[in-house]
Amino acid sequence: EEGMNAQDLGKLLHREPAEIVKKLFMLGVMTNQNQSLDKDTIELLAAEYGIDAKQKVHEDISDIDKLYDKRMKAAKESNKQVKRPPVVTIMGHVDHGKTTLLDRLRHTHVSAHEAGGITQKIGAYQVRLDDRLITFLDTPGHAAFSNMRARGAEITDIVVLVVAADDGVMPQTIEAIDHAKSANVPIIVAINKMDVPGANPQHVTEQLMKYGLIPEDYGGDTIFVKISAKTGENVDDLLQMILLQADVMELKADPTQMAIGTVVEARLSRGRGPVADLLVQQGTLNVGDPIVVGNTFGRVRTMTNDRGRQVKKATPSMPVEITGLNDVPESADKLVEFEDEKTARSVGEARAQQALQKSRENVQHVTLDNLFDTM
Ligand code: GDP
Ligand code: MG
């Protein structure tokens, strides 16, 4: 932007104006803090800070949501896209078998020939079928899904709706349908507990049709699978159908660009400091990459996959547990990779500062409101 000076740029890039002046000097441009700079100089400087010259310099780089959206959009237009595993959330009424299904998948479908076998609890895990992967979010239920959505995180590609064949459609079944529909996420119906004597899948199907879930036999396009999470009956079929649905959706990602992702869970580990379980969505995250995650920042120090094994890189839809952040982020926080650590740090610090400011303002509001209440 013409007319900007070192002071303006310092603000945008979260740097001291003096540093900007110095940097420009190194680039052969003599200026002071107030002198306005031409477009070429600004672009040169932007490039020096790892910002695409085409990216408008006047955009505040601490707005990582914007950066995330931009990269997501760029990925969708990229010709370097490759297939990526679908990300699945299991939903359904309480006691219909969500946890049993997740446990079965975790224990029997992480392919026995992969040494290590059992998955670690890292918020999400991958299941293999015929050399293809499916990522399951490990928190069944609606709260997690709603929380993610409320915070603008859209990581679920497919919802598996578990309905017990001996119980049928219940309030949380309907709630799950509503959630999935409003998120525009396709539903695969898993009629569960087929091993139970009172199982009545026909009745369940008829009930679900009232909510717009019409099986193919009836001219609809919703996939229905009859399973038993307990015995494992047809669970492979369910996985096949998930992959089929994924093919229809043409789920792709560009692993070549700078990484973006979303936090599934995070916590403070006594020995390892802040730990975040996250899903990479676009690009590839490498050990050593400078990142901003929500209002935290750092370099990826270690990366662990769902088998508890250390990995050097994470590709799209791959859940990993990372360490190296300065603080604990929140679930649904966005991850954005940066070119250099200094930028990541200044952006992270600016965001933490902004968040602190906001929380102070909120506290003040509350106190004022309380004051008015008592008057
Ligand atoms: P959630 O509340 O949806 O997570 O349901 P759970 O997975 O905790 O299952 C509730 C109960 O149903 C448990 O006692 C499970 O053992 C049982 N259950 C789950 N799936 C099946 C199934 O396919 N067949 C039978 N017979 N029982 C099941
Ligand atoms: Mg459960």
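Predicted model: local features only at pLDDT ≥ 70, side-chain atom pairs only at ≥ 80, totals over all residues.
Reader: Is strand β15 mostly covered or mostly open, and how many of its residues are buried?
Author: Happy to start there. The strand spans residues 319–325 and is mostly covered. A residue counts as buried when its relative accessible area is under 20%. In β15, the number of residues that are buried is seven of seven.

Reader: Which residue of β15 stands opposite Leu278?
Author: Let's look at the pairing with strand β10, residues 273–282. Strands β10 and β15 run antiparallel and are joined by five bridges. Opposite Leu278, the residue in β15 is Val320.

Reader: And what is the bridge partner of Thr304 in β15?
Author: Here we turn to strand β13, which covers residues 296–304. Four bridges join β13 to β15, and the two run antiparallel. For Thr304, the bridge partner in β15 is Glu321.

Reader: How much of ligand 1 does the protein bury?
Author: A backbone N or O atom of Asp95 lies 2.7 Å from one, while a side-chain N or O atom of Asn192 is 3.1 Å from an oxygen of the ligand. A backbone N or O atom of Lys230 lies 3.2 Å from a ligand oxygen. Taken alone, ligand 1 exposes 570 Å², and the share of that buried by the protein is 73%.

Methods:
Residues numbered from 1 in each chain as written. Chains lettered and ligands numbered in written order. Heavy atoms only, no water. Buried < 20%, exposed > 50% of the residue type's maximum accessible area, 1.4 Å probe, protein only. Pairing = 2+ DSSP bridges. Polar contact = N/O pair within 3.5 Å; in protein donor to acceptor, adjacent residues only side chain to side chain. Areas by Shrake-Rupley, 256 points an atom, 1.4 Å probe, with all protein chains shown as cover.
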